[in-house]
Amino acid sequence: MSAVIDSTNNSHSEDGHEEHHGPAKGIARWLFTTNHKDIGSMYLWFSFAMFLIGGCMALTIRAELFQPGLQLMEPEFFNQMTTLHGLIMVFGAVMPAFVGLANWLIPMMVGAPDMALPRMNNWSFWILPFAFTLLLSTLFMEGGGPNFGWTFYAPLSTTYAPDTVTFFIFGVHMMGISSIMGAINVIATILNMRAPGMTLMKMPLFVWTWLITAFLLIAVMPVLAGVVTMMLMDIHFGTSFFNAAGGGDPVLFQHVFWFFGHPEVYIMILPAFGVVSQIIPTFSRKPLFGYHSMVYAVASIAILSFIVWAHHMFTVGMPLFGELFFMYATMLIAVPTGVKVFNWITTMFRGSLTFETPMLFSIAFVVLFTIGGFSGLMLAIAPSDFQYHDTYFVVAHFHYVLVPGAIFGILAGVYYWLPKWTGRMYNETLGKWHFWLSFVGMNLTFFPMHFLGLAGMPRRIPDYALQFADFNSIASVGAFMFGTTQLLFLYLVIKCIKSGEPATDQVWEGAEGLEWTIPSPAPYHTFTTPPEIK
Amino acid sequence: MRSRLAHWALSLLLPAIYAADASAEYGLNMPRGVTDVSHSVYDLHMQIFWVCVAIAVVVFGVMFYSIIMHRKSKGAVASQFHESTTVEVLWTIVPVIILVAMAWPATKTLIEMYDTSDSDVDIKVTGYQWKWRYEYIGQGVDFFSNMSTPKEEIYNTAPKNENYLLEVDNELVVPINKKIRFLITANDVIHSWWVPDFAVKKDAIPGFINESWTRINEPGIYRGQCTELCGKDHGFMPVVVRAVEQDEYEAWLLAKQEEAKATAELAKLTFTLEEQMKRGEEVYTTNCAACHQANGVGIPPAFPALKGSSIALGPVEKHIELVVKGIPGSAMQAYGGQLSDVDMAAVVTYERNAWGNETGDNVSAKDIVEFKNK
């Protein structure tokens, strides 16, 4: 998408739509840019690079788990792979991709010329490559990278951690700063820069979901910073926050971590709700059903996300009352989530449906995310959770909400807006191939994990008992299928940028919203004078 | 083989139906277990599962109906309806009612699981990197349970046996039809003690004691694993419980008590270097080789080499101190409370004479006792 603007937009600025000047030349453009579209593209490319790196780690894990026994690596390295896979996918792939979409789309959707704080925008992005270089460099240091799981429970991540944990802590701080600045920017843009007449309740749902996500980020990223700082103090300055021998409590770590961690999982899904809520009406040629209830549902989910954190900790030995409270609160989340699913389906009902790639990914999103929701509901039932907790059932659950949830949401969004960004259509046949291979590969990988977990396979183990062998080999085959398919996506995007058919301004027959009123590709500067909102 | 494949295909197509009956054979579903509590948990699991299936049928039914009937290529014309408060209220309230109906039995089961009062047998379970310790409170029986699967099977140089990775040297032996209370804690990092057939899973947390209980209905051998990432060998610390009739349990307990006495007696004897090396190698393989490796070269920097190390070749007392007291805040545990004096003497002797560490020192149990008494 960046290359888009490289190849087409320069020539395009000569065409001179409404912009006064084009981008700077060469590398300086990318280093110093304050343009929301440039920064959005950089976020998206960065996120895709991280998706491939994190994906390679996942394939390393699946290769080892293809058969019982230790074949390819020692358990220490396996643990580093599971840890870094999680960290990179969460903080490097999913979150930056959503910030990239926000950068590209929010100004265009609310009729603003750019983000409210463009220089800070540049900085939020440019922190990330350094943060992840720092994190990944630990793999090559003595003692190896972080090996305590992406949830880094103390004291495994403090007293018993490799020395490189300090680099990990610093990396997390940097990612946190980046996210907080990004969130401030989104809020400032949405609240201050809407075109006249664009009232809050007229905003596209993608903007709404991002507004709420941004508040979640501001609320919980400092909590994450707090917990890693407490770790740093325990490791280097002799405190005992998480060390029982010094009067601390290892469970305190989990409470603080999950107070961040649960809202974090909604941070990774709410913008995808927004994307899908844009796409389904377009290809159903019918307005979104229940716009107001969609907004209220997202807000309810966000609020509930702060009072359910301890459902990740049902086995730590909480008092009965705590256990019951978190069980009831967690079950309650099914209600607003259900409302969203019902609304999407009612939007499709009696529409006039077509199935272009963005729609395919969105439909798969609704079906598979709902399956992830069902297993989430099962996990909420505390007595059964004792059996599911920390098994592959949980791995299946959160991959069902993250892969066909967050990742499919992002892919749907990229297909949907790619013609607007590049001015060119992607190849629909290749897009469909990408979808179906991803769909089959993803289900082949993660569906058998439900069975593995129920049958008793714990997560995060490099080797397993023989009764788990069959499903593990299937999952590994599926993983390689899903992983290699993503290279097809890379090819498709590059092909689209280089030689796609020219796209119209509206691109999709049923598309509505400000971003479809401007030319394709979107000029370097848009809405320098605010549009008129009907 | 063919029928197995057919089963398999079926299992992918109809996981729901399949899970309900042929589950045990292929490990598709949660085991129903052997305790009343595990039965309640299984029932809860199946109830919520079927509720989910029912909702899925309705919701996806409407969706696929739309996908098939309302496609543009069939000439479908889009309606423009987009709001209905009645419908919204309805699909908010109906799920709430379903959830309340689910919460009720779940609450009942949870309350039952939390009632650890009036136990017949109390066992303290302690997680170590990477083994379990079982102490029968008030019985003078206390032992470690290590995975017994040989390295050759893990590294694929020997065929894997049927209980691969789920077998231990010392099983936890318990009586059936008695309320057994587990007091669960850990020595280093957080572990989690899980036996699926009992529906008991509780985190073992250093510095804190968690409680759980079970009452087993049928004799048998029940296997589980550690379920909280606890470092390198997290995948290699199984739990094996043998549930037996009361009289068999009592006989076993008596034998264990005798065994402890005999070990204490051994400390009074002296052994030749050769005997010491033989015992020492066994102790080393069980307790030390996971980190320091069978060939003594370790996995630096986390797990230092013993071969040619300054500790193994230096003063004996320093060596004993390190093994007895460990290195606080590292993976090197204090073995003083874990190994008998005889085993401790043997393993120190072994480390000082194996892999070319030829000091010739023969450390005796008396040396260990003297060190501990200082």
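**Exercise 1.** State which strands helix H7 of chain B lies across, and at what angle to S4(B) the helix runs.

*Solution.* Begin with the helix, which spans residues 246-266 of chain B; helices (H or I, at least four residues) and strands (E, at least two) are DSSP runs, numbered from the N terminus. Helix H7 lies across S4 and S10 of chain B, at about 140 degrees to S4(B). Axes are lines fitted to C-alpha atoms, for helices over the stretch in contact, and angles run from 0 to 180 degrees between N-to-C directions.

The model is predicted: local features need pLDDT of at least 70, side-chain atom pairs count only at pLDDT 80 or more, and totals for chains, interfaces and linings use all residues. Residues are numbered from 1 along each chain as its sequence is written, and chains are lettered from A and ligands numbered from 1 in the order in which they are written.

**Exercise 2.** Determine the strand order of the open sheet in chain B.

*Solution.* The order is S4-S10-S9, with mixed pairing; two strands pair if DSSP finds at least two bridges between them. S4 (172-175) and S9 (220-225) of chain B are the edge strands, each pairing on one side only. The average twist from one strand to the next is 25 degrees. S9(B) joins S10 (residues 238-244) of chain B through six antiparallel bridges. In S10(B), B:Pro238 is the bridge partner of B:Gln225.

**Exercise 3.** State how many residues each chain gives to the contact between chains A and B.

*Solution.* Chain B gives 80 residues and chain A gives 79, where contact requires C-beta atoms, placed from the backbone, within 7 Å. On the side of chain B that touches chain A, H5(B) gives the most, 14 residues.

Definitions and conventions. Contact = placed C-beta atoms within 7 Å.
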